[in-house]
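Thank you for making time this morning. Please have the sequence and the three-dimensional view open together, and I will walk through some local features and then the overall picture.

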Amino acid sequence: MSELRIRGLDVGYRGVEVLRGVDLDIPAGSLTAVLGPSGCGKTTLLRTVAGFLRPTAGEIRVGGRVVATATSVLPPERRKVTIVPQEAALFPHLSVAANIGYGLRGWNVAARRRRRRRVGELLEVVGLQGYAERRPHELSGGQQQRVALARALAPGPAAVLLDEPFSALDAGLRGQVRDQVREILTELGATAVLVTHDQDEALSMADQVAVLREGRVAQAGPPEEIYRRPVDIALARFLGEAVLLTATADGPVARTALGTVPLTAPASGNGSLLVRPEQLRLRPVTESNGHATAIVRRVSFHGHDAVVLLRAATGADLLARVPSPLPVRLGDEVVVEVAGSAVFYPEDSTGDPVSSSARCDL
């Protein structure tokens, strides 16, 4: 498997610019999730890497070889890049084995022998031994996606592109299949790019997440980094629930209505503090000792944890995520504290001043 490198990539349709100056490095053997809302350019990026679209500027390299510029484009079949589409798109008239081996060349005796061996290896990898002679309509949705992945891996590509491959699966099956796909890619050391609009999918599967916004890479990095330290408030909201507190930063800490909170980086002045719901700690009021208090207004139980909506003494709403067993009940008055450090956004850079002393954007 090979590294992918994208530099200064512009792509447009009929005079409308879709991608603007995209820079992205995808290390060999890693899985990068390209995350963003509909219309941000995710599929355009994937199709350009695959060779179906020509860039208007910039370049794409696969394994050090330039495969696309504004003036020179290598055909898709010569790029050693394969795609797993949203729906498996298997050939309905071919068996599972024939689908997997479809892209393997050669029809002499030696080539057929190699094909059978390769198909057998991949059937074992994707856990479908014994399914070689079945037709696609005899498979579940998850099994079809694993056959599509095996077909994409069969030629030994430099990179595999996954275009929202789990979106057609029901919720119960989606998590199981994506875990299986991740294990397969890791076992084979594959270089992969996953396009998705599902934040949980991107954060749980990827070694690196690149967030596209209006055709540009807003931020790229390890999942925990972009979740804990998003570059701006808009990205913080997109990546999960965000509790935004009015704050005054003073070096390594910030003062808020929930107390003094350590900062991820020194700062000064007024602005907003990003706290994730799982950072809020709740305990019943015995003695508040000056700590902020709130009333439990709603509890949404999820088994392993619960989401708790609170009304702070200031009148603002807060959202907390707490583990089971639940430390609070509906109507309880609780002390609210912040655990861990938080990101501070100066007032003049947020573009979204926080009017109340503490609030949650639901």
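Let me start with Arg 14, which is exposed, with a relative accessible area of 89%. Please keep in mind throughout that what we are looking at is a predicted model. Arg 14 lies in the loop between strand 1, residues 4–13, and strand 2, residues 16–26, and its phi is near 45 degrees, a positive value in a residue other than glycine.

Glu 164 also has a phi near 45 degrees, again a positive value in a residue that is not glycine. Is Glu 164 buried or exposed? With a relative accessible area of 11%, Glu 164 counts as buried, because the cut-off for that word is under 20%. Its place is in the loop between strand 7 and helix 5.

Which residues of helix 5 are buried? They are Val 177, Arg 178, Val 181, Arg 182, Ile 184 and Leu 185, and because they cover an arc of only 160 degrees around the axis, they are on the same side of helix 5. If you ask what covers the buried residues, the cover includes strand 3 (31–35), helix 3, helix 4 (141–153), strand 7 (159–163), strand 8 (192–196) and helix 6 (199–205). Just after helix 5 comes Gly 189, which takes a positive phi of about 65 degrees.

Helix 1, residues 42–50, can be described by how much of it is covered: seven of its nine residues are buried, so it is largely enclosed by the rest of the structure. The buried residues are Lys 42, Thr 44, Leu 45, Leu 46, Thr 48, Val 49 and Ala 50. Helix 1 is followed by Gly 51, with a positive phi near 105 degrees.

In soluble globular proteins, nonpolar side chains tend to be buried together. If we follow Val 209 and leave aside its neighbours within four places in sequence, its contacts include Ala 33, Leu 35, Ala 202, Leu 203 and Ile 226.

Next, the aromatic rings. How many aromatic pairs does a search of the whole structure find? The search finds one, formed by Phe 91 and Tyr 102, which are tilted, with 4.6 Å from centre to centre and 45 degrees between the planes. Phe 91 lies in the loop between strand 6 (81–84) and helix 2 (96–100), while Tyr 102 lies in the loop between helix 2 and helix 3 (109–125), so the pair ties together parts that are 11 residues apart in sequence. Phe 91 is partly exposed at 27% relative accessibility, whereas Tyr 102 is exposed, with a relative accessible area of 53%. Elsewhere, the charged end of Arg 276 sits over the ring of Tyr 227, 4.2 Å from its centre.

Two prolines deserve a careful look. A cis peptide bond, with omega about -5 degrees, joins Ser 324 and Pro 325, and Pro 325 is in the loop between strand 16 (317–323) and strand 17 (333–338). Pro 252, in turn, is in strand 11, residues 242–256, and is exposed, with a relative accessible area of 54%. Not counting residues up to four places away in sequence, Pro 252 touches Val 261, Pro 262 and Leu 263, and the C-alpha atoms of Pro 252 and Leu 263 are 5.4 Å apart, although 11 residues separate them along the chain.

Let me finish with the whole protein. There are nine helices and 19 strands, and the C-alpha trace spans about 85 × 45 × 30 Å along its principal axes. Of the 362 residues, 46% count as buried. Among contacts with a separation of 6 or more, 65% are accounted for by residues 24 or more positions apart.

Terms used
Residues numbered from 1 in each chain as written. Predicted model: local features only at pLDDT ≥ 70, side-chain atom pairs only at ≥ 80, totals over all residues. Heavy atoms only, no water. Phe/Tyr/Trp six-rings, centres within 6.5 Å; stacked < 30°, edge-to-face > 60°. Helix = DSSP H or I, 4+ residues; strand = E, 2+ residues; numbered from the N terminus. Buried < 20%, exposed > 50% of the residue type's maximum accessible area, 1.4 Å probe, protein only. Lys NZ or Arg CZ within 6 Å of the ring centre and 35° of its normal. Arc of directions from axis to C-beta. Contact = heavy atoms within 4.5 Å.
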